[in-house]
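Here are my notes after a pass through the model. Have it open beside you while you read.

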Amino acid sequence: MTNTKSDIHLIIEGAGCASCVGKIEGALKATLGVVSAEMNFADRTVIVSGTAKTEELIKAVESVGYNAKPIDDSSETDVLDEKEAADWAYYKKLMRDTFIALSLGIPLMIYSIVIGEMTVETNAERMSWFMVGVLTFGVMYFSGKHFYVGAWKSFKNHSANMDTLIALGTGTAWIYSMVVVFVPDAIPMMARHVYFEATAMIIGLINLGLALELKARGKTSEAIKRLIGLQAKTATVIRDKKEVQIGIEQVLLKDVVKVKPGEKMPVDGVVIEGHTSIDESMLTGEPMPVEKTEGDEVVAGTLNKSGVIFFKATRVGKDTALAQIINMVKRAQNSKPPIGRLADVISGYFVPVVMIISVLSALAWLNFGPAPAIAFAIVSATTVLIIACPCALGLATPMSVMVGVGKAAEAGVLIRNGEALQTASKITAMIFDKTGTITEGAPKVTDIVLAHSKDDKKVLQLAASLESGSEHPLAQAIVESALERDIELLKIDSFKAITGFGVEANCENRVLLFGNEKLMKIKGVDVTGHIEQAQTLAKEAKTPMYFAIDGHLAALIAVADPIKPDSISAIKRLQANNIRVIMLTGDNKETATAVATKVGITEFLAEVLPEDKANKVEELQRSGEIVGMTGDGINDAPALALADVGFAIGTGTDVAIESADITLMRGSLHGLADAIAVSKATLRNIKQNLFGAFIYNVAGVPLAAGVMYPFFGILLSPVIAGAAMALSSLTVVSNANRLRLFKAQEH
């Protein structure tokens, strides 16, 4: 039996900074059967694709010094609740550790400011500082133990991370201080200073930064929590002619499910009995309830507003549209846009480079610094280690991606991956399919122009009765129009389809004809007074057809695929953003011209085949355009695949989700403009974060090493470095959370 490819979602424990990401992903990718592994440092999760078993993946993570546990999709809510509880417990622990460390660090800091240098010159001072050293060791053990354990694990795995920097920095300061206390003669008189306050303050401030970051980070998962919250917990199914309430995980394919007003759809299905209106806004962003009756599809998570319905389950468990959407959002939040991979690469080299800079800084102070050189060397080396942690760099991209993708999902826009998120912000040309994208995609009767008849309802009744025998799409539009008006269809006799012309039949002892102008001429029906009107309708992208009763023209009936109400305003939004809009359609030139003119598109091609659309995409790309393609995700597949970003307009079905980079859950093209707006806002946020993180590290390390001392006598304290490091991560997280306030243009 062959293994099937699947996704395994793991929670990672012990990942301290951005440099951990590369090690974990590397270990997983090196595992046999793994196709891809993407870690999200912001929420400490990783999604692995391939055939490898969960146990093998956990061993791979453990081999590089971290722990992992799987998230079972069937207990997604429970696991998230558990993770939230664990995060809250960890937050409380970090705050307790902060309190312990700062309870010692702050008094020592105040003492050093009031008294000046903390020297060791007398036996009494030695004894006092020895007791302080013991208390500081207690702080290191109780409040900073996780840093030292993490550093030791990294050392055993021949690597280095944030814990390594903190452990080395605080450990060096403490050991040096204890040497001053125990063997003061080994240190020059001017350098006999202790730095216990630095060790305690650094541990306290970094724990405080981690706690505040953890609390702010929790807000970024709200989109996933909201989507999971849409799922019903139970379902009422009909088994053995009885109603039974069961958990949604127990619902089987083809089960008949009953849903009462106010209840959520537990799984996907097709209505077999009843009539209701359903609020689908949670999935599509569309506020108006949608009418559902026999034969209509219902989607898990949507809310039944009015009547009782019975439906047959067609997709359950992981296969429901909602489950696929949740999985897609999670994958997108874990994926990295190209701009984020740069930060990962830099972070991988950053810690070893910083350790080298720290050693070089110490050597420079020892050889060229003023007395006491050893004290300056210890301070600069410790400060470099503490200030240079690349936490902010690692958080810069994933935090923004998580919020941006979640924000888009709330608006009914599903972004498949980080690359699509980034590229969408650069689109310069957007290609639209016409049918089902700009238009509704379903023909409807738009005009009934009466001739000899004076009763439009009777005309529609006879025409629909005649066309009920035809399978032509336009015929179906006429039948549906009559049914929508509650018009009863009549029995017809002697139905005859005349290929290329129309249809003929008898009804209520009348001879009915329905078709084009040629059919009327063949049958001797005079239409001369209405030819000009038919041409006018044709120019308006409508298909005019002649309906005759007993040899006389009764009416001109026009059918068209109507333009969506907001297509015009959405296209204007794109054009206002300097995006070149092009329409491609397989329809005839007259219809294409009429639609393009009405929606304000100047570039269009008619009567094109699917491969012609793909060729147009390539042509635009060769001319330097970044091309977006918007279609239904099926007929436009070649063009969607070739475009820089493919947008599928669908209702969350398997095909729509799988066929494009971005799926618009509602039919409105405003979703497309919203997707591009969210993309631009997210990319702008990522750039702000990366700029801040890079500037912090690039400027911080030289300052910590002491480059300003020869000119201005400024040498950063390790305590200031610890505060700055905590503040940098918090700043990045807070800036990313600003995206949650982003609102697309009103429409």
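1. Ground rules. This is a predicted model, in which local features need pLDDT of at least 70 and side-chain atom pairs count only at pLDDT 80 or more, while totals for chains, interfaces and linings use all residues. Residues are numbered from 1 along each chain as its sequence is written, and side-chain values use heavy atoms, with hydrogens and water left out.

2. Helix α13. Helices (DSSP H or I, at least four residues) and strands (E, at least two) are DSSP runs numbered from the N terminus. Helix α13 takes in residues 391-410, 20 residues in total, and reaches 29 Å from its first C-alpha to its last. That is close to the 28 Å expected at 1.5 Å a residue, where the expected span is 1.5 Å times one less than the number of residues. Of its 20 residues, 18 are buried, so α13 is largely enclosed by the rest of the structure; buried means under 20% relative accessible area, exposed over 50%, and partly exposed in between (1.4 Å probe, protein chains only). After the helix comes Gly412, with a positive phi near 80 degrees.

3. Two strands pair if DSSP finds at least two bridges between them. By that rule there is an open sheet of 7 strands, in the order β14-β26-β25-β24-β15-β22-β23, with mixed pairing. Its edge strands are β14 (413-415) and β23 (603-605), each pairing on one side only. β14 runs antiparallel to β26 (residues 662-664), and 3 bridges join them. Look for Ile415, whose bridge partner in β26 is Ile662.

4. The six-stranded sheet. Here the pairing is antiparallel, and the open sheet has the order β6-β5-β7-β13-β8-β11. β6 (242-247) and β11 (297-298) are the edges, each pairing on one side only. Strand β5 (residues 234-239) is joined to β7 (residues 256-259) by 3 bridges, with Val256 in β7 as the bridge partner of Ile238. β7 also pairs with β13 (residues 309-315), over 4 antiparallel bridges, and there Lys258 stands opposite Phe310.

5. Two helix residues. Is Ile166 buried or exposed? Ile166 lies in helix α6 (residues 162-182) and is buried, with a relative accessible area of 1%. Its C-alpha is separated by 8.4 Å from that of Ala151, which is 15 residues apart along the chain. Val114, in helix α3 (residues 76-115), counts as exposed at 63% relative accessibility.

6. A nonpolar surface patch. Val114 belongs to a patch with Ile106, Ile110, Tyr111, Ile113 and Ile115, and together these have about 610 Å² of accessible area. Patches take residues with over 30% relative accessible area and no salt bridge; like charges are joined within 9 Å, and nonpolar side chains (Val, Leu, Ile, Met, Phe, Trp, Tyr) within 5 Å. A salt bridge is a side-chain nitrogen of Lys or Arg within 4 Å of a carboxyl oxygen of Asp or Glu, and accessible areas are Shrake-Rupley values with a 1.4 Å probe, for which, in the case of residues, only the protein chains shown count as cover.

7. Glu508 has a phi of about 55 degrees although it is not a glycine. Glu508 sits in the loop between β18 (502-507) and β19 (510-515) and is partly exposed at 41% relative accessible area. Asn578 has a positive phi near 60 degrees. Asn578 is in the loop between α20 (567-576) and β22 (580-584) and counts as exposed at 70% relative accessibility.
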